[in-house]
Amino acid sequence: MDKTIAVIVVLNWIAVFSYVLATVANVYGVLFKNDAVELRSYWAAWTGMVVHSAVILYWWRIVGHGPYMAPSEVLSSDAWIAICVYFVFSRIYPRIRSTSIIVFPTAFLMLALANFYNPGIRSLPPTFGGIWLVFHIAFYKIALGTLIIAFAFSIFFLLKGRSRAPWLMRLPEPASIDLYAYRFAGFGFIFWAIAMLAGSIWAYKSWGRFWGWDPVETWSLITWLFFGIYLHLRRFFRWSGEKAAWFFVFCFIMSLVSLFVTSHMGSSIHAEYFK
Amino acid sequence: MQLMNRIKRFLLSRTTILTLIILALGSMLLGSFIPQSFLLTSNGAAKWHADYPTLAALAERLGLHHIYTHPFFACIMLLAVGALLFSCIEQFKISRRRTFGEEFSGRKYEEFETPVDPGSVTSWLRQSGYISVSSGKKGVRLCRHPWGYWGNFLLHVGMLIVIASSLWIALTQQRGMLHLAVGESFHPGDQWLSTEKGLLAKDFVLDRSVRLESVSYEFWPTYGVKNVASLLTFQNKQNAGEQRTVGVNNILYYQGLSIYQAVDFGHAFYVEVVDPAGVKNTYQLLLAHPEKPDKPSYGDFPNMLGPGRLLRAKYFVDPEKRSFARENPQLVLRMDENGTQLGQLPLSIGGEGAIGRFHFRLIKVDKWSGLIFVKFFGIQGVFFGFLIIIFGSILNYFTPPREVIVRVLPDGETKISWRAVKFSEFYRDEFDRLKTEMTKEEANG
């Protein structure tokens, strides 16, 4: 077993190294407008993702369950989905490519952090089964991926308003950045809603109640309502620009608290699964 | 009528809606910081009172310890339902008008003129995924993803269905939890270990007896629980029995009841106690299954043997502490009197001994498991509402309609007006492609 874990750790570090390489090349390519280097950064990220995918699949086969039990599994799969979401959406909306400056380092930081956790095998609690659980977890991760992109756009907007650095001038126009932040916040809102609703169905199948005001459930709903307020303010109160960007940054922090902090609350039924 | 219109205007106001969301959010934030009574054990409640006496007293005075059943929260929900109801009606009208109307006001159109005849323009547009939605004096209106107009309506209808169904469930649900040992029966009218019922629901009384026949469980190699299942016999008044199995994630539906297997299980120790006065009683001590073979499971039974006396019990599944596969539970009893330990006594089945002036004998050991009985209707409404919400959100955000109006100008030119209802910058390429295509011939001369 020690040998298997050693292989996993080494492969994980190779993936981290690839993502670091992708980040460095990407930042250099964007800052100094070197298209060739920027293009190579995507190749490095792809390489990292291939290795990362192999690690996740291999570990899945060993432990017999998806990457959602141990903190190392959770962080690793979050990083993987963030990269996947970025690649999928950048194919549909090529103008989001510049968000790689935020997405790539986020991915390598999450994966590197995952490597510092004990990768020991966690057994699956009996209630951890069924397709609704898979939807529940997968959609939270996808929501996080889209929110990272929206966060990147909000940060770009705030930076553009404060600095005239040449690399910032190469980013899309502020109005366009603002719109992309709004759009991706909307995607995040939908994916978050699907995740929450799938979780509710899973809870009903496991415990006979679809909502129990458990701390993790409540914080997830609170976060979703904050995103709802953000979207309402933008749509009906015509919020845009800096005000909207700051409010989104706040909502994004709330989502991180909801995903990574509240699950450690001892009184939550979710708590035992994240120990 | 005027009053109705004022109510409607108030509930549909953007400020009202935003205020309601903020109030709901504020209530939930309060509910997450102030421990809610229905989530607390009696020990937890006592600790909260001891740690924060002023805050606990204030919370209780204001009813913040049951915020989700507080009249204030009920008012927010009521207003939210009213707002959603009016909003749904309005949005239905808007969606219908937008889908089938000839033209409507709103965001400005991008426009250009072309010598290409309207027939060729509409034909090209149809090939590009646009659908003709209406035609009239003002021209032909085509739309890409016209169903996107219904996204908001569906999203709000879904929320309305979920809230209404949840409210119905909250008012009418009946729920009871019990711990049964093998061979034990729970009869109609017996007291539940814990029970919940909605405001409109009667006390939860089963119409037949339930007997636990056996409990089975499995563990992972790391000793985590893999599965728990119970075999139950339901007995009606005619004493006819029906056997059914319930397991974790394997809900048992029986005669309108949903029965869930809880992950609580362990061993029930039947201990015969002879007190100093010579009175003999048999007690059932339910102890949860240990988490690991080398770690005991503990249970405290205060005042069971009289005021000021605390009987403490612990057990290992395997006395050699090696495995869960070898079941030979060994019980260790300890008794405290007014905070002073009187002694402790290890017991195997049939074994006996004394602590102080009390005499103990372990008669038998059986397994026990936790069962949850639920009776409510309306969950289908909740899940149907979820489906509608998801469907509406997807239509709303993933398929914003793009409209084109094609009309002939008096000079014979064709005027093309284009717009995306939402996020027009995202779909700007579509307009550019349309313009390039329709002015190509002109550009070529």
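In this predicted model, A:Glu38 is a buried residue, its relative accessible area being 13%, and its side chain meets that of A:Arg97 in a salt bridge with an N to O distance of 3.8 Å. Because A:Glu38 belongs to helix H2 (residues 35-63) of chain A, while A:Arg97 sits in the loop between helix H3 (71-92) and helix H4 (100-115) of that chain, the pair ties together parts that are 59 residues apart in sequence. A:Arg97, for its part, counts as partly exposed, at 36% relative accessibility.

B:Glu430 is buried, with a relative accessible area of 15%, whereas B:Arg144, at 21%, is partly exposed.

Elsewhere in chain B, the side chains of B:Lys364 and B:Asp366 meet in a salt bridge of 3.5 Å, N to O, and B:Lys364 is partly exposed, with a relative accessible area of 37%. A network of salt bridges also links B:Asp318, B:Glu320, B:Arg322 and B:Arg326. Over all chains, a search of the whole structure finds 28 salt bridges.

We turn now to the interface. The contact between the two chains takes 50 residues from chain B and 45 residues from chain A, and the area buried between them is about 4,500 Å², with carbon and sulfur atoms giving 73% of that area. The count of salt bridges between chain B and chain A is one: B:Glu196 pairs with A:Arg209, the closest N and O atoms being 2.9 Å apart. Across this interface there are also nine residue pairs in polar contact, counted where both residues have pLDDT 80 or more.

On the side of chain B that touches chain A, the elements that each supply at least two residues are helix H2 (14-33), helix H7 (151-172), strand E8 (225-235), strand E11 (257-274), strand E18 (358-375) and helix H8 (379-398). Helix H2 of chain B gives the most to this side, with 11 residues. By class, the side of chain B that touches chain A has 34 nonpolar, 10 polar and six charged residues.

Technical notes:
Residues numbered from 1 in each chain as written. Chains lettered and ligands numbered in written order. Predicted model: local features only at pLDDT ≥ 70, side-chain atom pairs only at ≥ 80, totals over all residues. Heavy atoms only, no water. Salt bridge = Lys/Arg side-chain N within 4 Å of Asp/Glu carboxyl O. Helix = DSSP H or I, 4+ residues; strand = E, 2+ residues; numbered from the N terminus. Buried < 20%, exposed > 50% of the residue type's maximum accessible area, 1.4 Å probe, protein only. Contact = heavy atoms within 4.5 Å. Buried area = accessible area lost by both parts, 1.4 Å probe. Polar contact = N/O pair within 3.5 Å; in protein donor to acceptor, adjacent residues only side chain to side chain. Nonpolar A, V, L, I, M, F, W, Y, C, P; charged D, E, K, R; others polar.
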